Amino acid sequence: MSPFTQIQTYVQKHVEAAPLAVFRILFGILMFLSLVRFGLNGWIDKFYIQPDFHFSYLGFEWVKPIGVYTYLIFLVCGISSLMVAMGYKYRFAIITFFLSFTYIELMDKSTYLNHYYFISILSFLMIFLPANVYFSLDAYQNEKLRFHRVPAWTVDAIKLLLSIVYFYAGIAKLNSDWLLHAMPLKIWLTAKYDIPFIGGLLQKEWVHYAFSWAGLAYDLFIPFLLWNKKTRYIAFVFVVLFHVMTAILFPIGMFPFIMIFAATIFLGVDLHRGVLKGLGNFLDIHQNLFMNRKKWGLQNHGFARKSLLILSLFFLIQLLVPLRFLLYPGELFWTEEGFRFSWRVMLMEKAGYANFKVVDGKNGRRFYVDNSRFLTPFQEKQMAAQADFILEYAHFLEEYYENEGVEDAQIYVESFAALNGRGSQVFVDPNRDLTQIKRSLKARDWIVPFDDKIIGF
Amino acid sequence: MRFLKITCLSLLIMGFFGCDNGPTDPQNMDSFDRKAMLANWADNIIIPAYSDFATKTESLKNAGTAFNEETSQENLDLLRNAFKDAYRSWQKVSMFAIGKAEEETVREYFNIFPVDVEDLKENISSTSYNLSLPSEFDQQGFPALDYLLFGLGENNDDFIQAFTDPSLGENRRNYLLDLVNRIDELTDMVLTDWQSGFRDEFVNNSANSATASVDRLVNDYIFYYEKHLRAGKVGIPAGVFSGSPEAGLVEALYAEDFNRELLLIALDAVQDFFNGKHYDGSQDAVGLDDYLDELETTKNEENLSKLINDQFDAARTAIEGLNMNLNQQVVDDNISMLSAYDQLQLNVVLLKVDMLQALNINVDFVDADGD
């Protein structure tokens, strides 16, 4: 068979729709719970309403919290996640979810987490998947929307995305700090001395190395073990163990549970059928209703054939974006150019301090800024260790003080950062007037080069 | 594939199952005992400091009451001394804004300066004031007493005159009495809380999270050092944040030859706390310095704890070279004031960057994936 016919055969291959339906239900419920938890922790107010200043992503400066109405965005997002779970007006619901969730994440980059980004792109992917043709309200109400089988690629797309996340997370751990110095786990695990039963062990150096190497092996190999039909169940046991462990050790919220449930998509279809049977009995909706032997094809798709093209592009981007750091000189962990959106998880313990000096270009008067006037402690911590935050904040200060009557304000920063247990060193060039530097994706020549070497990715 | 599988399995098993069979007898743990550090902080530093402070605030209250009953020069002198003693002692507890002290925002009620003299006068003449309102932070506490006891006039007769004046004398005496009573009352509240339960809660909350005691107190400690000691006592009057020196913004503006002494006491207290030194000075027990040493935290091949202590010493030397009246120093030679500020500033980096990173202190309760 030529590669082309191979692809064609693959695209036309169909599998049961049950795994996709289970995934949709779990996704919707977990998203709803995550949003409820976020609200109950008071974080909507704390991160999006209280701060006077918000850090924006380049090109998304227009995405801002909208005062108390920010709660409405969360409400919309929560309702759409429940609609996704129910499979009710699915296409509309998942698009709404994607847009509202992504809007929330774009409002302030201080709260950036890889797993929020993961949710954003996963929900984007789900827009193009027929996750509502089986065991959903849409298909229950409308026989025409009911399909027993879906193309294999629709299920594989989710598996592929999960695999990319794990695999790149593994690649990112192939560096000397992680492998040879057990950093930053050495810092983090030592601090967890009070955890019952294992707190004492976490003090031992060999444990830090064991965790580092085991974590690396897990990330690199788990996608292959999950794809392989022979090893997927034992692999799933590892998924559970690994993520439960991270949930105990680190403050990462709902993420471990999302990953555990997401990984169920790799398991045998009997399991998904079984789950839906149980759920069906409970809801008095019989799964048999959906087992109509009909096959969903692209002709049944709202976006017609463009879906495949869009998704191919989507995955190409997903494969390339984490590699963009190769385009930048300098130490990635230090400059963080190309650090985000790349599945670089748990790699750094970085702390910083940034003291901003305002100089009146007209009369030479100079003074320092009290950061707590503008930033919350959390924002300040994020800002001080990340150069793009420092620049954005400097531009904000320029505008603020020019409005306050400082003429031609120049902003300098005396900043220090410490990375993975090293002593602090000067971070941003203290002699550069930050108001003269434009925010861009260009290499940041205004960062003082890292005075150590980290070998690897 | 088989090789991969075996490697993966064995590493994971080593990583995870290995955790279950180890002995976890706390006595045998070769780790730094955060709980012992918390106990030292609570039992040998914080509670003794508050007890001492509470004794001083009670004397202050008594002196205030005596002065209210008999407005004499002798009682005024006693009251002034009691005020100074209490203000000195305050410098040693101000940094512990945790528990009741945080809940009741004691530091805001006790030591927001400069005092708002206009509003204070308005309070005295109208007698309609509620000292528990946040809007009246800057009309009470030590700065307000400083003004009433040292700033009302030029010589001693002016003061006796002001407090016996037929129209406002009684109002002034009552206001002063309200101020000293309030200080004593809030202090007792904080001390009682520490002695009745909060101590155990504090010591037992020895985890590593944004709400755990070590994380919270270290955050408070650094906040105090940066904002109140470095900025409040030195940086702001020196004009670091405004561009022009403002002598009127010093602590204890009215009592002469006093504010440099307060600053030095505060600096000693901060350094002693870092070293875990008992309040009575009898012992250098377990503190942040030992914690850093245990973690073998170094910078440029020097122990971080030593670097921090050296920097505290350098700051002290710089401050000792200043005028006993910092406001006079700002007027005469602000450059020296700024140099003292720079010495204090250097330790902010060591504390806030190097130390916080080494101790993995959480700044806030929030999900994180290590950036």
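Q: What share of the 371 residues in chain B counts as buried?
A: In this predicted model, buried residues make up 55% of the 371 residues in chain B.

Q: What describes the overall extent and make-up of chain B?
A: Along the principal axes, the C-alpha atoms of chain B fill a box of roughly 100 × 45 × 40 Å. The chain has 15 helices and two strands. Of its contacts with a separation of 6 or more, 77% come from residues 24 or more positions apart.

Q: Why is Ser342(A) called buried?
A: The relative accessibility of Ser342(A) is 1%. The cut-off for a buried residue is under 20%, and therefore Ser342(A) counts as buried.

Q: Where is Ser342(A) placed, and which residues does Ser342(A) touch?
A: Ser342(A) is in the loop between α16 (332-335) and β3 (350-360) of chain A. Leaving aside residues up to four places away in sequence, Ser342(A) touches Asn114(A), Tyr168(A), Val321(A), Pro322(A) and Arg324(A). From Ser342(A) to Gly361(A) there are 19 residues in sequence and 40 Å in space, C-alpha to C-alpha.

Q: What makes the pairing of the side chains of Ser342(A) and Arg324(A) a polar contact?
A: The side chains of Ser342(A) and Arg324(A) are joined at 3.2 Å. The limit for a pair of N or O atoms is 3.5 Å, one able to donate a hydrogen and the other to accept it, so the pair is called a polar contact. The side chain of Ser342(A) also reaches the backbone oxygen of Arg340(A), at 2.9 Å.

Q: How is chain B divided, and how many residues of each domain take part in the contact?
A: Chain B is divided into domain 1 (33-205) and domain 2 (207-364). Their C-alpha centres lie 23 Å apart. The contact takes 38 residues from domain 1 of chain B and 44 residues from domain 2 of chain B.

Q: What area is buried between domain 1 of chain B and domain 2 of chain B?
A: The size of an interface is often expressed as the accessible area lost when the parts come together. Here the buried area is about 3,500 Å², with 64% given by carbon and sulfur atoms. On the side of domain 1 of chain B, Arg34(B), Gln91(B) and Met95(B) lose the most area, together 21% of what that side buries.

Q: What makes the pairing of Glu261(B) with Arg88(B) a salt bridge?
A: The closest N and O atoms of Glu261(B) and Arg88(B) are 2.5 Å apart. A side-chain nitrogen of Lys or Arg must be within 4 Å of a carboxyl oxygen of Asp or Glu, so the pair qualifies. Between domain 1 of chain B and domain 2 of chain B the count is three salt bridges, and 21 residue pairs are in polar contact. To the side of domain 1 of chain B that touches domain 2 of chain B, α2(B) gives the most, with 12 residues. By class, that side has 21 nonpolar, eight polar and nine charged residues.

Q: How many residues of chain B are in contact with chain A, and what area do the chains bury?
A: There are 56 residues of chain B in contact with 76 residues of chain A. The two chains bury about 5,500 Å² between them, 63% of it on carbon and sulfur atoms.

Q: Why is the pairing of Asp370(A) with Lys227(B) called a salt bridge?
A: The closest N and O atoms of Asp370(A) and Lys227(B) are 3.0 Å apart. The limit is 4 Å, so the term applies to this pair. Across the interface of chain B and chain A there are two salt bridges and 14 residue pairs in polar contact. The side of chain B that touches chain A divides into 26 nonpolar, 15 polar and 15 charged residues.

Q: What joins domain 2 of chain A and domain 3 of chain A?
A: Five residues of domain 2 of chain A are in contact with four residues of domain 3 of chain A. The area buried between these domains is about 410 Å², of which carbon and sulfur atoms give 48%. The count is one salt bridge. Asp177(A) and Arg422(A) meet in a salt bridge at 2.8 Å, N to O.

Technical notes. Residues numbered from 1 in each chain as written. Chains lettered and ligands numbered in written order. Predicted model: local features only at pLDDT ≥ 70, side-chain atom pairs only at ≥ 80, totals over all residues. Heavy atoms only, no water. Domains from an automatic or database assignment. Contact = heavy atoms within 4.5 Å. Buried area = accessible area lost by both parts, 1.4 Å probe. Helix = DSSP H or I, 4+ residues; strand = E, 2+ residues; numbered from the N terminus. Nonpolar A, V, L, I, M, F, W, Y, C, P; charged D, E, K, R; others polar. Buried < 20%, exposed > 50% of the residue type's maximum accessible area, 1.4 Å probe, protein only.
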